[in-house]
Amino acid sequence: MTAFRFIHASDLHLGRGFSTIPQADDGNVRGRLGEARHAALGRLARAARDHGAQHILLAGDTFHTATPSQSLLRQTLSAMGAEGGIDWWLLPGNHDNLRDAEPLWDAIRRDAPANVHPLCDAAPVDLGAEVALLPCPVTHRDPGRDLTEALVHAKTPHGTRRLGLAHGAVTDFAEGRAVIPPDRDQSAGLDYLALGDWHGRLEVSARVQYSGTPEQDRFRHDRRGVCLAVSLPGPGVAPEVEAIETGIFFWQQSELRLGEGADARAALDAILPATDRRDTLLRIAATGWAALPQRADLGAAIDAAAPDFALLELDLRALGTLYDPADLDEIDRGGALRLAADDLHGAACDQALPEAEREIAGAALARLYAYMREIDA
Amino acid sequence: MKLRGIRLENVRRFTDPVAIRGISDGLNILSEPNEAGKSTLFDALRTLFFVPYRSKGKEVQALRPHADGAPEITVTIETDTGTFDIHKRYLSKPAARILRDGMLIAQADAAEDWIAAQISGGDGGPAGLIWVRQGAVDLTGGTPKEQNSALEARRDLLSSVTGEVEAMTGGRRMDAALARARAELRELATRTGTPKAHGPWKIARDRLAHLDERCAELEDTARALYQALDLRKAHRAALAELQDPERIAGRRQRLAEAEAAHAQAERHAQAAETAARAVETATLAFEAAETRHDAIRRARADLTDATRAAQAARSAAGRVTATLAEAEAQARTARIRADEADTAADGARSHHALAQRQLAAREGAAHRSDLARRIEAAEHARRAAEEAEASAATFPDAPALREIEALAARDAAARSARDAAAAQLVVRYDTPQAPRILLHGATLQDGARVTLDRASEIRVDGIASLAFTPAAGTSGPDPVTDAQAALARALSDLGAGDLDDVRRMAECRLDAERRASEARATLKGIAPQGIDALRTALARIPAADPEGETLDPAETAAAFERAEEARLAAQTALGTAREALSATQADAARADAASEAATERLERAEAAVARLGDLSETDAADALDRARGDLARRKTAWETAAADAPDLSATDAALSRARAVEETARTRIATLTPEIATLDERIRRASGDAVEERLAEARQMREAARDTLARIEREVAILQRLQSALETAQDTARDRYFAPVAAELRPLLHLLWPRAELSWAQDTLLPDALIRDGIPEPVEILSGGTQEQIAILVRLAFARMLAKGGRHAPVILDDALVFTDDDRIERMFDALHRQSGAAQIIVLSCRQRAFRDLGGHELRLSPAMDDGAP
């Protein structure tokens, strides 16, 4: 019996928009992000060829919405169809579930090229080579039950490799949802359970794996998107799984820790990547403490570096402000300006005030500081 | 610096030198009438201190003496370093000199520098703060240069006490910061803190609202799509079930079974009905047999009874017949006797009647002749009335007359109208011999007037023929012809020639009616009850009896009475006999009737028995038993059929249901198919529109819009907070900056207005509002008196501050209290005295009486000595 090779991917979320991503007037990051998702199809096909796999299993949420536009659907099917020698197996996920996306799956059944196979029935599919694909299509946005339970009773010929394909949470992804038991491979006698839903790569066990999305769309996972090249040597034999990077954009979160006297510009430079900035979306959470000059320096440094990146965001919510009398002296040593600075400083440090008021007062003081720097420059 | 003396020469009216000497430290007053030169003195002092000696400006020109010459001004001042004379000459041979104890210490520009150093602040220096020109009630008067100088002086003074004003208020840096914050805020919000129209804040808000609406719309569309999907799924499932061959076969089988059950039930019901009808027939047969049996039984009994009754009746009739013969004989006898009595009585009555008639004839002969005469007269009157009425009827009555008159009037009116419209021809012959004019062949006489109302020919023999044609417009029905025709018809109907005939006939009618009325009255008088009543009365009067023998009515009456008594007795006897006979006849008749009835009954009984034929009572009883048995059997059969019958209504209901199920299935299939097609189209359209994709996009955009709005609102909050902090700090700093002068001014203010305060303008460093009872009143709207009082008090306060700083400057008031009333002026005097302890004050006033109570050192303007010194 020869090893059965296939590509396990999921959560392409084709058609997803990125309207929440800030975009400069002269930028096109949203369009690039969308295009990168479509281009992931080609990269998956290339990964399949590179690893001698004929089949690509998409474990749900291939489409971001239940009713993608005609152009999106047609272009997707065309892109799949263009990959000769590759069979695409599409499982309905919660985003493109059977109930909400019935017209979508009708259209795929009707219009898809011969190498694209929608898996709308929970019935075993013979993939040849003594491999039975056991799909668990998602029936509703929230089916309210574990759809993989049926795999326990799914009958396949003796000696066949049982390959489960499902979409849903194993644990801890969302409260109140029915979850897939992490040992479903054992209870259902599966050689491999290809899962979708979790956008990051996750190995639940040797036989139960989330591939994550091939093109990331959020900051949570801190690595580029991957697919899994899986090889099933034989029934009962542990699969060989290799993660292959397919993502273009790197959604990165970094922490910038500052302290008294730290050089904010240098600290920022230290965490900014030197390369691939154009394909990097970086969210920096500043923590610790910074004096008014540090804050001003940090803001200026971010403004200077931001055009290099697809996105560069600075979150100052966790960054406390140190108020050095010398900094206040920079605003003024006396008189009305000093009075105003003292007032804002007092409010920012007054624990009796609501946090929102303190925060606004602190920001106003930082703003005053920045004004005076510019005025005095 | 304190003023000690002033000398003027060739200044306006003072061609000859005048001087003021002995000016004291405190309060000085120069009270002189108008045009004594007080303002000249004031202007001269200002010029000396503030106008360079080479100046030929208007201030200097204004000091030029009336008799021409070079104005010269000398002031003696005392400072910490000594006593000095400041001398300036303008225009001609200008000069400036400073002398100390008669020694020249500076002259020309050096002298000017020395003066500038004394007043420290130049043009508007400390003195500029405290000199009040006549009538200058406001705080900011003077030329722009003077105002600027005064401002600088005030700034110097306040800064020397409280620090630099810029240091206090932040100066340009503060202005720049505040302007920046305000400008950035103004881009976002209005002054009232609401989003600025077309600004980013407003746009973000509107965009979020728009996206909320768009999401709601798309959610509705998506919801509709999913409902359509669910409905289509349900419809498809229902259709598949309805069209499932097994289910179709099941429905049809159930229908066939129901139809068979119903047919079987109907057949059973018909059999039961036949059995029921057989029961009814048997019942009728049984009832007939029973009736026949009863009839036979009754007829036999009746015949027996009738036979017995007939025999008894015949026996009774025989007995009554004998009694009747006897009663008839008695009755015949009584009749004979009664007839005899009747005859006798009738004879007596006739006889007596004759006697009566004879008497009446004798009495009624005269009455008869009178009645006959009245009847005759009455008949005559009646005939006369009838003849007159007949005559009246032949003539027209009043309505007919009125109608004729109306027609005649209409005719006349028509003629008048026609004549009025028609041409008139009046003939006037020139001579009696002139040829005659003919109209329609008739000769027109001289003076004749003819109306030409129709086509006419007018001819003058031998001369001409004139054809006259009426004017157009007279065609159509001719009213005159119509009226004439109507009148002629009416007259013809009455047989009259003209209206006068009708009127005469109407009068004849009235005459005839009158005569008829008179005849009727006569008849009424003769025969009030009518002629027939007279005739009846006449007939009642008996005619004279022709018989010759005259009878005595009394005798005939007695004979008649006796005969009547005999007849009455005979009649009574006859009545008795007849009563007896009648009773007997009645008995005989009853006996006969009873006998006949018994005979008839017997005959009927016999006939009834005969009709029954030969059927015996026993046979009838047997037939009755048979009929009863048959009825019982048929009842049993019917009951059996009824008991076994299926429930027809149940089978009917089952059949209806089976048919309804089939029909419903057919209808449902026919309905579902197009509904599914409709849903297909709806789903195809909605899914083709990518509603979910657009909804996801709209939601993301809404989330981004929320973030944007939150960021802008935070920015607004930061800017508002910053602006508020800056403005508050600026106000606080200003208050601190003005605190010393406010403290100096407060007791003076309270002399006039207890608890009053002044607020200060940062730009002018002067009061801009008087605050009384917490209500700020802008200085410019205060009365002239209040404004001048504030102006003086402010200067007094500044002078005192200067003095406390060792920089004495005289306060010179040139008729400064012109608008102040008597009450306030007393308190202003108190204020002046209060401040004079620390500052030199010189009051110039023309109000000698009012300022008599000011107190202070009195000054006099007096001729100067020629030594040049004041």
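Modeller: This is a predicted model. We can begin with a pair of helices.

Biologist: How are α10(B) and α12(B) oriented to each other?

Modeller: Two packed helices are described by the angle between their axes and the distance between the axes. In chain B, helix α10 (residues 398-421) packs against helix α12 (residues 499-526) at about 165 degrees, and their axes are 10 Å apart. Angles over 145 degrees count as roughly antiparallel, and α10(B) and α12(B) are therefore roughly antiparallel to each other. Their crossing is left-handed.

Biologist: Which residues meet where α10(B) and α12(B) pack?

Modeller: From α10(B) come B:Leu401, B:Ile404, B:Glu405 and B:Ala408, and from α12(B) come B:Leu499, B:Val502, B:Arg503 and B:Ala506. Sorted by class, this contact of α10(B) with α12(B) has six nonpolar and two charged residues, and no polar ones.

Biologist: What does the crossing of α9 of chain A and α17 of chain B look like?

Modeller: Helix α9 (residues 355-376) of chain A and helix α17 (residues 691-737) of chain B have axes that come within 8 Å and cross at roughly 70 degrees. The range from 65 to 115 degrees counts as roughly perpendicular, so α9(A) and α17(B) are roughly perpendicular to each other. On the α9(A) side, the residues in contact include A:Ala361, A:Ala364, A:Leu368 and A:Tyr371. On the α17(B) side, B:Ala717, B:Ile718, B:Leu722 and B:Leu726 are among them. By class, the contact of α9(A) with α17(B) has eleven nonpolar, no polar and five charged residues.

Biologist: Which residues beyond its neighbours in sequence is A:Tyr369 in contact with?

Modeller: Leaving aside neighbours within four places in sequence, A:Tyr369 is in contact with A:Leu292, A:Pro293, A:Ala296, A:Asp327, A:Glu330 and A:Ile331. For A:Ile331, the separation from A:Tyr369 is 38 residues in sequence and 6.0 Å in space, C-alpha to C-alpha.

Biologist: Which residues touch the most other members of the largest nonpolar core?

Modeller: That core has 46 residues, and A:Ile7, A:Leu44, A:Leu58, A:Trp88 and A:Leu90 touch the most other members. Helix α8 (residues 200-242) of chain B gives the largest share of this core, seven residues. Beyond its neighbours within four places in sequence, A:Leu90 is in contact with residues including A:Leu58, A:Phe63, A:Met80 and A:Trp105.

Biologist: What should I look for in backbone angles?

Modeller: Most residues other than glycine have a negative phi. A:Asp222 has a positive phi of about 55 degrees although it is not a glycine. A:Asp222 lies in the loop between β10 (208-210) and β11 (226-232) of chain A and is partly exposed, with a relative accessible area of 38%.

Biologist: Where in chain B is B:His440?

Modeller: B:His440 is in the loop between β10 (437-439) and β11 (442-444) of chain B. B:His440 is not a glycine, yet its phi is positive, at about 50 degrees. At 43% relative accessibility, B:His440 counts as partly exposed.

Biologist: How many helices and strands are there in chain A?

Modeller: Chain A has nine helices and 16 strands, and buried residues make up 55% of its 377 residues. Chain B has 20 helices and 21 strands, with buried residues making up 39% of its 870 residues.

Terms used. Residues are numbered from 1 along each chain as its sequence is written. Chains are lettered from A and ligands numbered from 1 in the order in which they are written. This is a predicted model: local features need pLDDT of at least 70, side-chain atom pairs count only at pLDDT 80 or more; totals for chains, interfaces and linings use all residues. Side-chain values use heavy atoms; hydrogens and water are left out. Axes are lines fitted to C-alpha atoms, for helices over the stretch in contact, and angles run from 0 to 180 degrees between N-to-C directions. Helices (H or I, at least four residues) and strands (E, at least two) are DSSP runs, numbered from the N terminus. Angles under 35 degrees count as roughly parallel, over 145 as roughly antiparallel, 65 to 115 as roughly perpendicular and the rest as oblique. A crossing is left-handed if the near helix is turned anticlockwise from the far one by less than a right angle, and right-handed if clockwise. Contact means heavy atoms within 4.5 Å. Ala, Val, Leu, Ile, Met, Phe, Trp, Tyr, Cys and Pro count as nonpolar, Asp, Glu, Lys and Arg as charged, and the others, Gly among them, as polar. A nonpolar core is a set of buried Ala, Val, Leu, Ile, Met, Phe, Trp, Tyr and Cys residues joined through side-chain atoms within 4.5 Å. Buried means under 20% relative accessible area, exposed over 50%, partly exposed in between (1.4 Å probe, protein chains only).
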